[in-house]
Structure formats: C-alpha cells, structure tokens
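Q: I am new to this structure. Please pick one part and look at it closely.

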Amino acid sequence: MSDAAKPHPHLTVTRDGAVLTVSLDNAARRNAQTPSLWAALAAAATGLDPDVRVVVLRGEGPSFSAGLDRGMLAPGGVPGEVDMVAMAADSAEAAAEVIEDFQRGFSAWATVPAVVVAAVQGHAIGAGFQLALAADLRVVADDVQFTMRETSLGLVPDLAGTTPLVSLVGVARALEICATGRFVGASEAVAIGLANVAVSVDALEATTADLVAALLAAPEAALRELKPLLRSAASADRETQLRLEREAQGRLLHGLAGLLPR
C-alpha cells in the first residue's frame with residue numbers, strides 16, 4: 001500500500017513499506033529547482049522515518065532536473081522565493097549564510113540511515129547533477145546528460161556536490177567537467193564511476209526497482225552499518241577507519257549472538 005504527500009507544489013513523496021520515493025514533479029519546466037524545493041527536500045531527509053530502508057530520488061517527465069530555475073537569477077527573482085540577486089548584493093558573508101540553508105536539501109541525504117538511489121534520465125544540470133550526487137547510488141538512462149554549468153555563469157557548484165564528485169571521479173576529472181561545463185553521457189558516467197549502471201529509458205524504472213529489491217534483501221542491520229562505514233572511508237585516517245570497522249562489526253556480532261541458542 002502506498003501513501004503519497006505533497007510537501008511542495010513541485011515535489012511528491014510516496015511511501016510504500018520500507019521504500020520512500022521522492023519525485024520532482026514539475027515536468028513542464030524540466031523539474032527546475034528553487035530554494036523552497038530545497039527546503040522541502042531537506043525536511044524530507046531530516047524527517048525520514050527510521051523504518052525507511054531505501055529512498056529513491058527521481059524526476060517526472062523527460063528530464064531528471066534542468067537545475068536552478070533561471071528566474072532566480074533575474075532582478076526580483078521568482079515570486080515567493082529568496083531574491084538571490086538582492087541577497088548577493090548585500091554581502092558575500094550574507095550570501096554564504098543563506099546558501100548554507102540551501103545546501104541542506106542535498107547534504108542531508110548522505111547522513112540518513114537509508115540507502116539513497118537516484119534514478120536519472122535526460123538532463124541533470126547544475127542543481128540536478130548535484131541532487132543525483134546527493135544519492136548513494138545512481139541508475140541512469142542512456143539519454144542522461146550530466147553537466148555542471150555553474151562555472152560558465154561565473155559561479156561554482158555550491159549545493160554539496162563537490163565532495164561526492166571528487167570522491168567518485170577524482171580531482172582532475174571533476175575540475176575538467178566543472179570548468180568546461182561539458183555533458184557527460186551514460187556510457188562515460190558508468191566508465192568513470194559516476195553511475196552504477198546505464199539502461200534504456202524504458203528500463204530505468206524496472207532496473208531501479210530491481211536494485212531497490214536487492215537492497216531490501218540485504219540484512220537490514222548490516223546495510224545500516226555499511227553505508228556510514230563506507231562513506232567515512234573516503235576521508236578518515238587509517239586508524240580511525242579500522243576502529244570504525246571493528247566497532248561496527250562488534251555491534252553486528254553482538255546482535256547475531258543474541259539470536260543463537262545457548
């Protein structure tokens with residue numbers, strides 16, 4: 001049984017047992033993003049039910065997300081949204097403080113206990129690219145087009161995307177992708193580790209469902225220990241990571257021992 005909610009006019013959240021599906025649903029605008037949408041994404045992540053084991057991030061229509069609503073960069077901005085031009089004119093420090101709130105809609109997914117899967121088709125531009133990077137795993141359609149256009153606008157990626165991008169593809173390739181603003185297609189995305197698998201557009205939903213089923217089939221306690229353990233491995237020093245490994249294993253062994261007859 002599925003339960004759907006709309007925490008934002010352009011976001012639908014559907015719960016089906018242990019799976020939560022978060023869908024960008026402004027297909028007419030290729031799921032262009034705004035700060036109020038980012039706040040809704042942050043709320044979905046920080047308020048995630050602990051019984052949810054897998055989250056799927058997806059977009060309705062032909063594109064995952066074309067990125068920031070360009071109206072945000074015009075004088076006066078978008079009605080009901082932060083006036084980004086006025087914010088930037090105030091001071092660099094004030095702008096940085098506001099951006100900190102924007103980032104939570106992306107950074108929060110790394111810290112949820114559930115495994116987060118992004119199903120990405122068509123354009124994944126700027127904020128769309130960074131939302132895909134906010135997931136733990138990425139399934140892409142063969143028409144996917146990842147691109148960071150911020151630098152071409154005189155900006156940098158600022159929605160928590162730099163750390164996962166560098167972790168996945170390395171500094172040199174991340175610099176080249178961001179500096180040139182070029183498109184990264186499906187086959188390259190898989191080859192460089194940006195995507196886990198690429199399939200036809202028609203197979204995207206079914207392939208994502210198969211991955212979700214495989215994740216749900218894994219022992220829950222082990223999977224919940226595994227995500228933070230592997231995420232820490234990218235930045236922790238060796239001794240810290242060894243400690244985290246043995247502590248996680250100790251908890252799991254203790255739990256398993258409690259299930260065995262004595």
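Which is Asp69, buried or exposed, and what is its relative accessible area?

A: Asp69 is buried, with a relative accessible area of 11%. Buried means under 20%, exposed means over 50%, and partly exposed lies in between, for a 1.4 Å probe and protein chains only. The model is predicted, so local features need pLDDT of at least 70 and side-chain atom pairs pLDDT 80 or more, while totals for chains, interfaces and linings use all residues. Residues are numbered from 1 along each chain as its sequence is written, and side-chain values use heavy atoms, without hydrogens and water.

Start with the partner of Asp69. The side chain of Asp69 meets that of Arg29 in a salt bridge, at 3.3 Å from N to O. A salt bridge here is a side-chain nitrogen of Lys or Arg within 4 Å of a carboxyl oxygen of Asp or Glu. The pair joins distant parts of the chain. Asp69 sits in the loop between β4 (54-59) and α2 (84-90). Arg29 sits in the loop between β3 and α1, 40 residues away. Helices (H or I, at least four residues) and strands (E, at least two) are DSSP runs, numbered from the N terminus. Arg29 is partly exposed, at 44% relative accessibility.

Next comes a neighbour. Ala32 also lies in the loop between β3 and α1. Ala32 is buried, with a relative accessible area of 11%. Which residues does Ala32 touch, leaving aside neighbours within four places in sequence? They are Asn26, Leu37, Gly67 and Asp69. Contact means heavy atoms within 4.5 Å.

Now look at Asp25. The side chains of Lys6 and Asp25 form a salt bridge, 2.7 Å from N to O. Lys6 belongs to strand β1 (residues 2-8), and Asp25 to the loop between β3 (19-24) and α1 (35-46), so this pair ties together parts 19 residues apart in sequence. Asp25 is partly exposed, with a relative accessible area of 23%.

Step back to the whole structure. How many salt bridges does a search of it find? The search finds 14. One of them joins Glu188 and Arg182, with the closest N and O atoms 2.7 Å apart. Glu188 is partly exposed, at 22% relative accessible area. Arg182 is partly exposed too, at 26%. Both belong to a network of salt bridges that also links Arg173 and Glu176.

Finally, the domains. The protein is divided into domain 1 (11-217) and domain 2 (220-259); such bounds come from an automatic or database domain assignment. Sixteen may be written as a figure here: 16 residues of domain 1 and six residues of domain 2 take part in the contact. The C-alpha centres of the two domains lie 27 Å apart. About 780 Å² is buried between domain 1 and domain 2, and carbon and sulfur atoms give 45% of that area. Buried area is the accessible area (1.4 Å probe) that two parts lose on being put together, summed over both. Across this interface there are two salt bridges. Asp136 forms a salt bridge with Arg231, and their closest N and O atoms are 2.8 Å apart.
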